[in-house]
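Thanks for coming, everyone. I'll keep this brief. Please look at the screen.

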Amino acid sequence: MSLLTIFALSTVIPTVILAVCVARSGRERPVTEYLLAGIFVVIALLTVSSVILSSYRYRRYFPIGHLSNLTVMLLGPLFYLYAKSSAQKRFRFKKRYWLCFLPFAVAFSYYLYMTLRFGLFRDKHVMLLSYKAVETAQNCAFFVAGIAVLLRNGVTARRALADFADWRLTWTRFLFLSLVAIAANKLYTALICDYYHSARLYFAGLSIYFIFICLATSLALYVFVNRGRLFSSVERYRDSTLSSRELEESYRRLLSFMDEDQSFLDPDLTLPRLAERSRIPLKTLSRVINERAGKNFNDFVNEYRVRESCRLLE
């Protein structure tokens with residue numbers, strides 16, 4: 001088994017597993033999860049196509065490799081619809097959204113016909129400069145549209161770029177950069193392979209692609225496995241516009257108030273009552289306890305009570 005095959009298997013298998021797990025987990029927001037699963041399926045197909053087109057050993061599968069390579073046109077539309085569905089609380093997949101996939105459907109149908117009728121993709125090197133220009137322009141337009149959707153739904157440019165406290169934004173940012181890197185790498189390897197015929201540069205780009213996809217997929221799998229811990233509070237406070245600095249200030253105010261007022265000694269203490277006493281908005285207080293303290297309200301208060309009991313026993 002060659003090193004290239006090992007790289008491919010270490011990338012394709014986790015990606016497919018991740019796609020299946022994401023698709024099966026789509027209960028609360030099924031459309032969002034299915035779109036995300038679709039992105040991972042496309043990544044797996046692009047990886048398989050890279051392996052097929054890397055050696056004349058797989059000459060008989062060159063048409064499959066070239067046709068699979070066309071799925072890079074799906075990255076932009078899938079990211080746009082994923083960003084739209086994750087940013088809007090009541091998102092529904094409307095029939096007109098299928099138009100986003102029309103360029104891919106047209107290109108795939110045309111090149112499938114040309115392959116079956118004239119054997120277009122029988123060789124490793126195929127000059128498709130006009131198609132690559134359209135593909136790149138389309139993906140760039142959809143990537144920009146996806147970011148614009150986030151900005152229109154209460155996410156400021158500063159938060160979108162630098163707020164790492166919001167895991168939803170961090171995940172979307174990671175996904176965006178990964179897809180842009182994948183699309184750019186596929187464009188690079190296509191140009192190097194088809195126009196410059198430089199095997200050394202081609203395999204260098206291919207190696208970078210496999211290493212990047214392997215790392216990105218591993219990170220995405222980790223995030224998915226820990227999604228309950230990472231994303232539970234994000235979904236709950238989706239409409240909040242508080243910045244990470246404001247949350248940190250509210251958290252410091254809460255800790256200071258708990259030490260000074262000792263409200264935890266009240267056996268009937270509730271979240272609304274604590275919000276009223278500390279003069280911290282109820283929703284902000286709930287988010288601060290969940291995200292900054294990493295606990296629910298009862299655990300947060302009970303920790304103070306246990307600490308006070310230990311102090312009295314001393």
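First, a definition: helices (H or I, at least four residues) and strands (E, at least two) are DSSP runs, numbered from the N terminus. This is a predicted model, where local features need pLDDT of at least 70, side-chain atom pairs count only at pLDDT 80 or more, and totals for chains, interfaces and linings use all residues. Residues are numbered from 1 along each chain as its sequence is written, and side-chain values use heavy atoms, with hydrogens and water left out.

Now the overall fold. The protein chain has 14 helices and 0 strands. Of its 314 residues, 46% count as buried, meaning under 20% relative accessible area, with exposed over 50% and partly exposed in between (1.4 Å probe, protein chains only).

Next, contacts, meaning heavy atoms within 4.5 Å. Take those in the protein chain with a separation of 6 or more: 71% come from residues 24 or more positions apart.

Accessible areas come from the Shrake-Rupley method with a 1.4 Å probe; for residues, only the protein chains shown count as cover. The protein chain exposes about 17,200 Å². Carbon and sulfur atoms supply 62% of that.

Where does Leu9 sit? Leu9 lies in helix α1, residues 3-24. Leu9 counts as partly exposed because its relative accessibility is 38%.

Finally, cysteines. How many disulfides does the structure hold? The count is 0, a disulfide being a pair of cysteine sulfur atoms within 2.5 Å. Cys140 has 42% relative accessibility, so Cys140 counts as partly exposed. Cys310, at 43%, also counts as partly exposed.
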